[in-house]
Amino acid sequence: MSRKIVQGVPMPSWPMRIFKGFVLLIFCAVVIIPFVGVISTSVAPNKQINEAGGLVLLPESINFAAYESLFAGGVVTRALFVSIFVTIVGTLLSLTVSCLLAYALSRPGFSAGRPILLVVLFSMLFSPGIIPVYLTVKGVGLLDSIWALIVPTMISAFNVVVLRAFFMNLPNEITESARIDGAGELKTFTYIVLPLSKAVLSVIGLFYAVAYWNAFFSALLYLNDSKLWPLQLVLRTYVINDTQLGSAELGTELLPPQASIQMAILVVSIVPILLVYPFLQRHFAKGVLTGAVKG
Amino acid sequence: MLQRSSTRPQQQLSLGRRLLRDRVLLLFALPGIGLIVLFHYVPLLGNVIAFKDYQPFLGIGGSDWSGWANFSVIFNGDPAFLRALKNTLILTSLQSIFVFPAPILLALLLNSLFSERIKRIAQSILYLPHFMSWVIVVALFQQMLGGSGLLNNYLRSHDLTTIDIIGNSELFHVLLTSQIIWKDTGWATILFLAALSQIDSQLYEAASVDGASRMKQLWHVTLPGLRGIIILLFILRLGDSLTVGFEQIILQQQAVGRDVSEVLDTYVYNNGVLGGAWGVAAAVGLVKGIVGVILVLTANKVAHMFGEQGVYQR
């Protein structure tokens, strides 16, 4: 950014510029090619997959047979519902709880603000360890419940700090005038502060959503019942560990080749992120920086 | 309530009265702080099972105290524990050497681009893998580099010798390291790019007036401008140096066996949650946590001695 202002500095030589472009191109290709391969293979015709012996980079024609069998009502369909439920409900709960806490912490003169803030900040410095957390989750009776995917990770101290920083930056006059007009804390919060914070709410909400969608660790730890598995565990079992998906698991007689089913499962778990990514990207740099600076 | 921001000292109201006045805000904070206490502070107490012969059906209170017995695997150098420690340290060193500087180099490259548009497109592409779960990343790597992956199919169809990178225990540590680089290098550039944009452009002008070449400017202006953030991130890394990617490793442990893949976190999981040796696993986890905190505090002290800000002041 500063580069353009600089006067009198010679442009880098052509070989240097070509070299840089080349390096960048390689970096980007290494990131993009796996995604292209997976998406292409999931829709490629069987014959082509067999000839290639694996991934296809450019499908000759497009067929959605793999997706049809995934959505036929078997293991994957169920896992998809679990993942969607956990992501939506979890994100809403996380946002509510985090915003309430962050709002309370952002109020000047809140008598318990200081100690509560310290409790929040301190929790970022250490992690209590896998075993004691597992025993706590077990102790509260969440083991083998879908809520085990939501409740233990419902609040992120980091996100609370970011939200608090944002709330504190809102002009004080607005909340003061609401107060003079007789609005209580709840009214000020819902009608004044939240509508002014749409940008930060969407970033933090998306951060939470991505975390819930990607949650693998808590599912692995807390869920034995495969009926409750989210997509990530299904991915682990049927793609990484290469367990065969038969018609019993898929709930359909029609069986596309294993490779395209596997790639279709991968695509199903990637696509939601690709969809929210543009929205996420518009705001995250700012969100991350507020957190880093104020934290 | 009217007096909140006035000059009247708060001490005039008793604590009870002030809490009563703030009861709505307290109610707001309650669910959030409750969750943090329940899942972050209560488990700290749960660490007492490191000193107990924990039996799940007796519960924490009902199990017998066992003193330091659970720590004997650590102090007597149990081979399985040492193996996990060794792999952890190898991975930490690899990460410090290769993963840590990667985003700094990439940020310098991005920052030196002339075209804002190319820069933005590259950023969008390079940030993307950060948002993929480890399951997805591992699956993608398998598809690209595994026995029947893209690379080997290419080699096979050109009659070249194939290499199975995924199942090869000798390459496992390198594989883990490159996966982290693939996933997070782009994302980690954000902080460095922000720091780079903070550098005063007058410094570059002054340097070029003094006849500094671009390399000299990089050395004398850009890198000093990044020093604070580099030190800060290195300290934070140190605190995590005994934590080397639980999800990433547990997903791939089957393929290569525990000899090269067992680290402290997987040791705790395999022996505790799966193996039922709760006390021992908790003891290892506890020592790991304490060492982590000590490393952060020490590193921060050292940073202060060198006159840097560190993570927190004083």
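How many helices and strands does the secondary structure of chain B come to? The count is 16 helices and 2 strands, where helices are DSSP runs of H or I with at least four residues and strands are runs of E with at least two, numbered from the N terminus. Keep in mind that this is a predicted model, where local features need pLDDT of at least 70, side-chain atom pairs count only at pLDDT 80 or more, and totals for chains, interfaces and linings use all residues. Residues are numbered from 1 along each chain as written, chains are lettered from A and ligands numbered from 1 in written order, and side-chain values use heavy atoms, leaving out hydrogens and water.

Now for the overall shape. Along the principal axes, the C-alpha atoms of chain B fill a box of roughly 65 × 65 × 40 Å. Chain B has a radius of gyration of 26 Å, while a compact globule of 314 residues would come in near 20 Å; the radius is taken over C-alpha atoms, and the globule rule is 2.2 Å times the number of residues to the power 0.38. Even so, 47% of the 314 residues in chain B are buried, meaning under 20% relative accessible area with a 1.4 Å probe, protein chains only.

On to the annotation. The unreviewed UniProt entry puts "transmembrane region" at several stretches of chain B, including residues 24–42 and 125–145; such annotations may be inferred rather than shown by experiment, and the positions follow the numbering used here. Residues 24–42 of chain B are 100% helix, with end C-alpha atoms 25 Å apart. Residues 125–145 of chain B are 71% helix and 0% strand, and there the end C-alpha atoms sit 21 Å apart.

Note on methods: Buried < 20%, exposed > 50% of the residue type's maximum accessible area, 1.4 Å probe, protein only.
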